[in-house]
Number of protein chains: 2
Amino acid sequence: MATINDNYLKLKAGYLFPEIARRVNAFAIANPNAPIIKLGIGDVTEPLPQACRTAMKTAVEEMGDRATFKGYGPEQGYGWLREKIAAQDFQKRGCEIDASEIFVSDGAKCDTGNILDIFGKDNTIAVTDPVYPVYVDTNVMAGNTGTANDGGKYGGLVYMPITAENDFTAEIPTEKVDLIYLCFPNNPTGATASKSHLKAWVDYAKANDSIIFFDAAYEAFITDADLPHSIYEIEGARDCAIEFRSFSKNAGFTGTRCAYTVVPKTLTAASADGSDVELWKLWNRRQSTKFNGVSYIVQRGAEAVYSDEGQAQIAQLVGFYLENAKIICDRLTAAGLSVYGGVNAPYVWVKTPNGLTSWDFFDKLLQAANVVGTPGSGFGAAGEGYFRISAFNSRDNVEEAMKRIGDTFKG
Amino acid sequence: MATINDNYLKLKAGYLFPEIARRVNAFAIANPNAPIIKLGIGDVTEPLPQACRTAMKTAVEEMGDRATFKGYGPEQGYGWLREKIAAQDFQKRGCEIDASEIFVSDGAKCDTGNILDIFGKDNTIAVTDPVYPVYVDTNVMAGNTGTANDGGKYGGLVYMPITAENDFTAEIPTEKVDLIYLCFPNNPTGATASKSHLKAWVDYAKANDSIIFFDAAYEAFITDADLPHSIYEIEGARDCAIEFRSFSKNAGFTGTRCAYTVVPKTLTAASADGSDVELWKLWNRRQSTKFNGVSYIVQRGAEAVYSDEGQAQIAQLVGFYLENAKIICDRLTAAGLSVYGGVNAPYVWVKTPNGLTSWDFFDKLLQAANVVGTPGSGFGAAGEGYFRISAFNSRDNVEEAMKRIGDTFKG
């Protein structure tokens, strides 16, 4: 008799965003004329950069001629894309990352889940609280946790609270952890990490032979010259960190699908007999066996991000969303709400007023202002009493949503 | 200290195709003027159908206007694509498959590996020998096997030989197995399965509460009206089979990347407490959490396969490769070699002459004829003494390669 992976039965309810979609749909059916504005899921709304579209059209044409047709590409991504990524995203910032250490993929969400394939089941795993739910759920599925308690916390995971009280900066653990998920600029709180904060993590990881999973999907939103864009700007990070990047938020690729993961060749972890094994080799084998590369057409689109034209266009896109974030911060503050993030980040993290729970605030905003955001408690127990508002929308929608929220909280 | 997944250390040498690439590269460096023709890896060579290219260009244009821009799509694929797949690939053939049971993905290779995520570690797993290496390697990585013996067989797997002696048809096991990988038309042997053969498997699976993983990536090559294209043409298969399909070989999408997996809602497997759990729910949760859907642009290309124009164009493509296969079969037979497959399939399975091993024959063909094929032993111990030749190439290359092989074996 075939058996299932019982770890799936430990997962609590639905993934956060399907639950939001369910409530919004129910509301929309009951109120078919409500002019709902969605600032919930962190999905981009503005057109794909012209440079990317032009490159993809050319690539489609190449597919029409057997002389330029492309079949299977390298599972790791084409060399011309990996070279540009290494040069412009890393070497230009002084990070010693080689093109062979870049693995192009179809999404950072996929990669942050799949990376667990190459690690053992006996690692102690630390996540911030609140946290991007995929980190937790993929560990539950992989059997790296116990069951969840009533507060939604899974046994076996080390939760590191990040709240206004500690300035949304996780304290370095006193206990020993093996795998550490960090995300800066942070989803969901919009917090950023200074070089000295990341250095403390790298020092901890090196001292404890831990591996840091550094999710830098939002690095493009950093405007402060002092903030690091990559963990490899910190000395020693090549020996303890894997970094995840995406074209989703800088170039608007959420529906086009391209991302990459950096696995330095200097990175090792222990096998059962205590010997050091290169993680690059394991990830390369994983990707070669369970993945077949990203669409040639899409990789050409991603490559265009690195052209002068592409760089100018993504700077404009990012600037547009950052201006949205500033408007959100200003208006919510004027409405008497406490806000965090929204600077060097596309997310604004709002303290719910009057002791409302996150879901109560969600329902109130939906009912009274027809605005959809994301309940902080959906990102973890310490997110209770907070609410995430995304800056990914048109200017008109952001202005209108802020006007309505202002009206709601004026009374 | 972070630890690795030690199961990766059980993997034998490199994946087959990288090893071939290594030998071919070494030969090419030593013989820079050798006119190498590659009939090894099963990669398509002819242009992408016009219908697909037109649809993708339109989709790229839509991405340039915020009114038609697409961000995150459904992780399971867009409804318009799933509906067409269900209607044309299944319902038209009398298979009771609903659009909601179709999960669009970026590759059948990915899906046949990832599917193991939702199954338990205590299943007994059966594969044919020879077999597509990904089925075996992903089970090794997942910890479902022991170590490999000198012959390359992994402990804990049930190997079902398919050779000329049993007409390349695996015998139904006498022991009890829980998960069974079947691939028809077969990679690598080019063998096909009759309805009665598949019925015997479905009956076995239903009697033993087993699940069949049915890889139908090559179904488009079936021209014989009596052969089933889908396992769901067999009564009862909805209760015991998951089917994998791909646009790689019918529409030339190896570099464009689109595929799909069918998980019927009637399919269950047992949880640890003995209750039945719907596999559809688990796979849906897996894909929602660890995947973010296929590029909108690519899905529009796949949808165009189902237009009248697209259907005519893929019929022409498939017919072209089948004619190549016929030429290969005819010429090799004329050269005194024994060949199998190549009818209703794009692969020709050759018995190596004069007791040569598969790799000896590989080296001989490379040296003497500058033709690259795939050693049968790379697909499993029972593939020793066989050799796979792929029909995926231009007519000129196929003609020239066959001429050279003919000359080599004439003497």
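Partly exposed here means a relative accessible area between the buried class (under 20%) and the exposed class (over 50%), taken with a 1.4 Å probe on protein chains only. B:K57, at 25% relative accessibility, therefore counts as partly exposed.

Some ground rules before going on. This is a predicted model, so local features need pLDDT of at least 70 and side-chain atom pairs count only at pLDDT 80 or more, while totals for chains, interfaces and linings use all residues. Residues are numbered from 1 along each chain as its sequence is written, chains are lettered from A in the order in which they are written, and side-chain values use heavy atoms, with hydrogens and water left out.

## Where the two chains meet

Let's start with the interface. Buried area is the accessible area (1.4 Å probe) that two parts lose on being put together, summed over both. On that basis chain A and chain B bury about 7000 Å² between them, and 57% of it sits on carbon and sulfur atoms.

Counting by contact (heavy atoms within 4.5 Å), chain A puts in 84 residues and chain B puts in 84 residues. There are also 50 residue pairs in polar contact between chain A and chain B, with both residues at pLDDT 80 or more. A polar contact is a pair of N or O atoms within 3.5 Å; within protein, one must be able to donate a hydrogen and the other to accept it, and residues adjacent in sequence count only if both atoms are side-chain atoms.

Helices (H or I, at least four residues) and strands (E, at least two) are DSSP runs, numbered from the N terminus.

By residue class, the side of chain A that touches chain B divides into 35 nonpolar, 25 polar and 24 charged. Nonpolar covers Ala, Val, Leu, Ile, Met, Phe, Trp, Tyr, Cys and Pro, charged covers Asp, Glu, Lys and Arg, and the others, Gly among them, are polar.

## Salt bridges

Side chains of opposite charge can pair when their charged atoms come close. The rule used here asks for a side-chain nitrogen of Lys or Arg within 4 Å of a carboxyl oxygen of Asp or Glu. It gives 48 salt bridges over all chains, and eight across the interface of chain A and chain B. Here are some of the pairs:

| Pair | Closest N and O atoms |
|---|---|
| B:K57 and A:E61 | 2.7 Å |
| A:R285 and B:D137 | 2.9 Å |
| A:E46 and B:R66 | 3.0 Å |

The bridge between B:K57 and A:E61 runs from helix α2 (residues 50–62) of chain B to helix α2 (residues 50–62) of chain A. A:E61 is partly exposed, with a relative accessible area of 49%.

Are A:R285 and B:D137 buried or exposed? Both are buried. Their salt bridge links helix α7 (residues 279–290) of chain A with helix α5 (residues 133–141) of chain B.

A:K326 and A:D330 both belong to helix α9 (residues 308–334) of chain A, where they sit four residues apart, about one turn of the helix. A:K326 is partly exposed at 46%, and so is A:D330 at 41%. Elsewhere, salt bridges that share partners join A:E19, A:R22, A:R23 and A:D363 into one network.

## Two spots in chain B

B:T352 lies in the loop between β12 (347–351) and α10 (358–369) of chain B. At 5% relative accessibility it counts as buried. A polar atom of the B:T352 side chain lies 2.7 Å from the backbone oxygen of B:L356. Leaving out residues up to four places away in sequence, B:T352 touches B:T357, B:S358, B:F361, B:G385, B:Y386 and B:F387.

B:N397 is found in helix α11 (residues 395–410) of chain B, and is partly exposed at 27%. The side chains of B:N397 and B:N393 are joined by a polar contact of 2.9 Å. B:N397 and B:I37 are 360 residues apart in sequence, yet their C-alpha atoms are 6.5 Å apart.
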